[in-house]
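User: I am new to this structure and would like to learn how to read it. Please take me through some features one at a time, with the general idea before the case.

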Amino acid sequence: MIVILGGGPAGRLASIRLASAGKEVLLVEQGGIKGIGGQCLHSGCMPVCALNDIARLIHAARELKDLGVVDTVPAPDFPVLLTRMGEIQQKIASILDEETRSAGVEIMYGRTGRLAGRTVWAGDEQLKAESVIAATGSRPFMPEIPGAGLPGVITSGTLPAMKELPEKMAIIGGSVVAAEFAYIFSTFGCDVTILSRSTFLKDTDRHIRALAIKELEGVTIRENTPVTSIGGKERASSVLTPDGELEADAVFLAAGLVPNSGSLEGLKKGAHGEVVVDNRMRTSVAEVYACGDVVGPPYLTPVARHQGIVAADNILGIPRTIDYRNIPRSISLTHELASCINETDGMGSLVIPGPAGPGSFWSVPRGKTGLSKVIFDPESGELAGICAAGPGGGLIAGYMAFLMKKHFSVHDFEEFIEVHPSTDGVYGLAKYASSVLKKRNKK
Ligand SMILES: Cc1cc2nc3c(=O)[nH]c(=O)nc-3n(C[C@H](O)[C@H](O)[C@H](O)COP(=O)(O)OP(=O)(O)OC[C@H]3O[C@@H](n4cnc5c(N)ncnc54)[C@H](O)[C@@H]3O)c2cc1C
């Protein structure tokens, strides 16, 4: 039998792959049936997606009202929104449960899995396993700030505890998650301040970062501002920084994620508790594999899923390695600010504001139609990166990432016919880059 700990994207995909290949598979998920789907479904991608859908609707209505084309702007009913979101999450969880079981996986809910080297338990029960996969995911990092335990201090994991919209929200962190929640809550009408210990979105392409800041126009962003404590008697009411005190009736901790590896003993781990694996997802212990967020960044669902498949295939005797190049990512604000960047040093690049089309046409007066960017090798024209910020940006970045993996160059786009109107800037830029390079190389 193969035992998998954790029913998030990594563990679930690995379990389905193994069961479909005829293996006996037991998936141990510490949450109830509510747990299947992991952080992605319950406190990560899906809640951001659900709340962002509403925020974009409100945002669009506001812009259209300013232009005089509609006369009302909807307001969110936050408690109802959370209830409906929870119902839909449960529906998706039951679909995932059914899909996993029908692939032949046995699921054990409500038990915490534990590992000591090769020995594996589900609760108090020791299990016999020929191979084990640890896919226990990650959780929000809790910075050691005095007051972090006060009611009114939330993370993405405890968001449903926030029953009402606060008036003033302080978001601690400078990451994508901080940006996404800032957009949501400021669009919902909260007065939001981001307090970033260093540069806001510091690992993001500079054009995408500038656009994100533009799309967060209602949010105060304070960089290089560490929070030293959270004030309040019965609940959080302020945050303290070296620059002074800031009132806040909700404090959102978005200070990153940490691997859930406390229950995994005897495996080699890194400085942040991430389980160390090789490119086949093998840990330091024979026949014990690990995948997903528990092995550390980039903390992305598609990467977690892919790692799960790689682990499963290696257990099945199909040698397979993981390649971390060409990983697309996105920041969900008014638009999808998507990108896939491999290389910038010594590369050529072209950038234009996103052309107006469906989903951004009415943003023209405000100059908020997104952007397109291509980065390419100036000699060969091979694509080294793209940014597609606009409606459908995530879709474009995913496909472009795949073409980059296949070593496509800007010249390959000469034959490409795009859909118009759409967020088609990257294709046009690639064609233009091709003509520029050809002209230059003729000289
Ligand atoms: C706010 C937020 C937004 C995000 N947005 C995106 C996004 O837009 N796009 C994207 O690609 N990624 C996003 N992510 C990241 C994404 O959610 C994770 O990368 C993904 O969920 C990782 O999957 P996983 O299976 O490794 O772990 P998890 O999803 O964390 O699942 C791990 C599972 O293991 C279970 N478990 C833990 N310990 C044990 C144990 N000892 N025994 C048994 N079960 C255990 C947990 O209950 C959980 O169900 C977001 C994350 C957050 C926090």
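Analyst: Let us start with one residue. Leaving aside neighbours within four places in sequence, Asp205 is in contact with Ile341, Lys373 and Cys387, where contact means heavy atoms within 4.5 Å. This is a predicted model, in which local features need pLDDT of at least 70 and side-chain atom pairs count only at pLDDT 80 or more, while totals for chains, interfaces and linings use all residues. Residues are numbered from 1 along each chain as its sequence is written, and side-chain values use heavy atoms, with hydrogens and water left out.

User: Where is Asp205 found, and is Asp205 buried or exposed?

Analyst: Position is given relative to helices and strands, which are DSSP runs numbered from the N terminus (helices are H or I, at least four residues; strands are E, at least two). Asp205 is found in the loop between β11 (191-195) and α6 (206-215). Buried means under 20% relative accessible area, exposed means over 50%, and partly exposed is in between, using a 1.4 Å probe and protein chains only. At 12% relative accessibility, Asp205 counts as buried.

User: Which side chain makes a polar contact with the side chain of Asp205?

Analyst: A polar contact is a pair of N or O atoms within 3.5 Å; within protein, one must be able to donate a hydrogen and the other to accept it, and residues adjacent in sequence count only if both atoms are side-chain atoms. For Asp205, the partner is the side chain of Lys373, at 2.7 Å. The side chain of Asp205 also reaches the backbone nitrogen of His207, at 2.9 Å.

User: How many residues surround the ligand?

Analyst: A residue is near a molecule if one of its heavy atoms lies within 4 Å of it. Here 35 residues surround the ligand, and the closest are Glu29, Gln39, Gly113, Asp293 and Thr301.

User: Which elements give two or more residues to the shell around the ligand?

Analyst: They are α1 (9-20), β2 (25-29), α2 (38-42), α3 (45-66), α5 (176-187) and α7 (301-315). By class, the shell has 14 nonpolar, 18 polar and three charged residues. In this scheme Ala, Val, Leu, Ile, Met, Phe, Trp, Tyr, Cys and Pro count as nonpolar, Asp, Glu, Lys and Arg as charged, and the others, Gly among them, as polar.

User: How many disulfides does the structure hold?

Analyst: A disulfide is a covalent bond between the sulfur atoms of two cysteines. The cut-off is a pair of cysteine sulfur atoms within 2.5 Å. The structure holds zero disulfides. The sulfur of Cys49 is 8.5 Å from the closest cysteine sulfur, in Cys45, so the two are too far apart for a bond. Cys49 is partly exposed, at 38% relative accessibility. Cys291 is buried, with a relative accessible area of 1%; its closest cysteine sulfur, in Cys40, is 14 Å away, again too far for a bond.

User: What should I look for in the backbone?

Analyst: Most residues other than glycine have a negative phi, and most peptide bonds are trans. The peptide bond from Pro297 to Pro298 is cis, with omega near 20°, and Pro298 lies in the loop between β19 (288-290) and α7. The bond from His420 to Pro421 is also cis, with omega near 0°. Pro421 is placed in the loop between α8 (393-405) and α9 (425-442).

User: Which residues have a positive phi although they are not glycine?

Analyst: Asn224 is one of them, with a phi of about 50°. Asn224 sits in the loop between β12 (220-222) and β13 (229-231) and counts as exposed at 55% relative accessibility. Met281 has a positive phi of about 70°. Met281 is in the loop between β18 (264-265) and β19, and counts as buried at 0% relative accessibility.
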